[in-house]
Amino acid sequence: MVTALALAAGAHDAHAVDKKFKIFLSMSYIGNDWQAEAANMVKAMAASKDYRGKVDLQVQVAGPNAQRQIQQINAMVQQGAQAIVVYPISPTALNQVVRNACQRHVVIIAYDAEITEPCAYNVHIDQPEAGRVTAEWLAQKLNGKGNIVVLTGVPGTSVDTQRTAAAKEVFAKHPGMHIVAEGVGMWSQAVARTEITKILTTHPWNEIDGFWVQVGCYTIASMAKEAGIPDDKLKPCAGEGANGHRIQMLPVNDTGVKGANATYRPMGEASISYASPPYSGGLALKLAVDKLEGKEIPKLTKLPLPVVTSETVKLCQEGTWAEMQAGCNVFQPSIISNPGWFASIYSPETPEIGSQAALNGKPEQ
């Protein structure tokens, strides 16, 4: 009888393992801090207390190549994927392969960038609003006139296209504002430095009044300091949610910052910082599991747009989830050594993932 019970228990355990949902993470371009964080947060969600027994997660990277991402998604379906969480390189190029996957009852959820195929689910902020709000802030800061530099993101993605178009619509309403130079920043601090270096050869600092960038405010302020520009003469910058950028936004006399160094320090920079929050991938994984368990989920989960200005920036002392819940939005340099790391990682919907998830892929629970 004992043997029979043991055999039955063993069979039950094996069945429980088999019942894990086979979910793939399909990534496209990964050459920036944001993508690394988002991937870490997906992995942390899968490893969290409530999901480690439910999810068998596998990760594949296609790079900025739509055809390769299509091939990989096809292969995922063939391998028995039940859900695919995807950062699409294009809003439309994947539609056919996504449609085919849906016909095989695979749940497809895109995060941050969108997929326009109706059977797909999407999780993202209002990207046009991100472009509009930040452009309006810059226009107001410059009193509707001046020469500005624009750095866009990864070409072809819905994120870049929608943000840039919305910002340029705002600038077009101000005849006194002129885009004197534009570069493709690829959402990367390193690429931003290369692009700004090229722009400065024809448009020196004294000919630029402000910047609108998708990523690069931290680098731009750092380059200005290298050029000998004092803190109180930094140009207004509307840009990314990088931790370094937000540290630079803190008042110059802020003595509570630990681990500040070089240009990773308070400068009192006039800025607005926004972000597509990196937790979007982790939330997409939660929604995929909900759907696989038979729950209804919305076709579009629109995330709140995190916006921080020089007036609302607030330092996290330890970087805990509870601190973020209380409203802090930038982390001590002693905790986050990489100034390009994105700080908008908090959501009340994802208590499973916090700063350690974004840094190391480790869940809160």
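The model is a predicted one, in which local features need pLDDT of at least 70 and side-chain atom pairs count only at pLDDT 80 or more, while totals for chains, interfaces and linings use all residues. Residues are numbered from 1 along each chain as its sequence is written, and side-chain values use heavy atoms, leaving out hydrogens and water.

Around this second largest cavity stand Trp205, Phe211, Ile220, Ala221, Ala224, Ile229, Leu234, Lys235 and Glu269. Helix α8 (residues 217-226) supplies the largest share of that lining, with three residues; helices are DSSP runs (H or I, at least four residues), numbered from the N terminus. Seven lining residues are nonpolar, none polar and two charged, where Ala, Val, Leu, Ile, Met, Phe, Trp, Tyr, Cys and Pro count as nonpolar, Asp, Glu, Lys and Arg as charged, and the others, Gly among them, as polar.

In total, the structure holds two cavities of 30 Å³ or more. The largest cavity contains about 100 Å³ of space. Its lining comprises 14 residues, with Trp34, Arg163, Trp187, Ser276 and Phe342 nearest its centre. Eight residues of this lining are nonpolar, three polar and three charged.

Notes:
1 Å grid on protein atoms, 1.4 Å probe; cavity = no way out; pocket = protein on both sides within 12 Å on 5 of 7 lines; lining within 4 Å. Points joined across faces, edges and corners; volume = space filled by probe spheres on them. Helix = DSSP H or I, 4+ residues; strand = E, 2+ residues; numbered from the N terminus.
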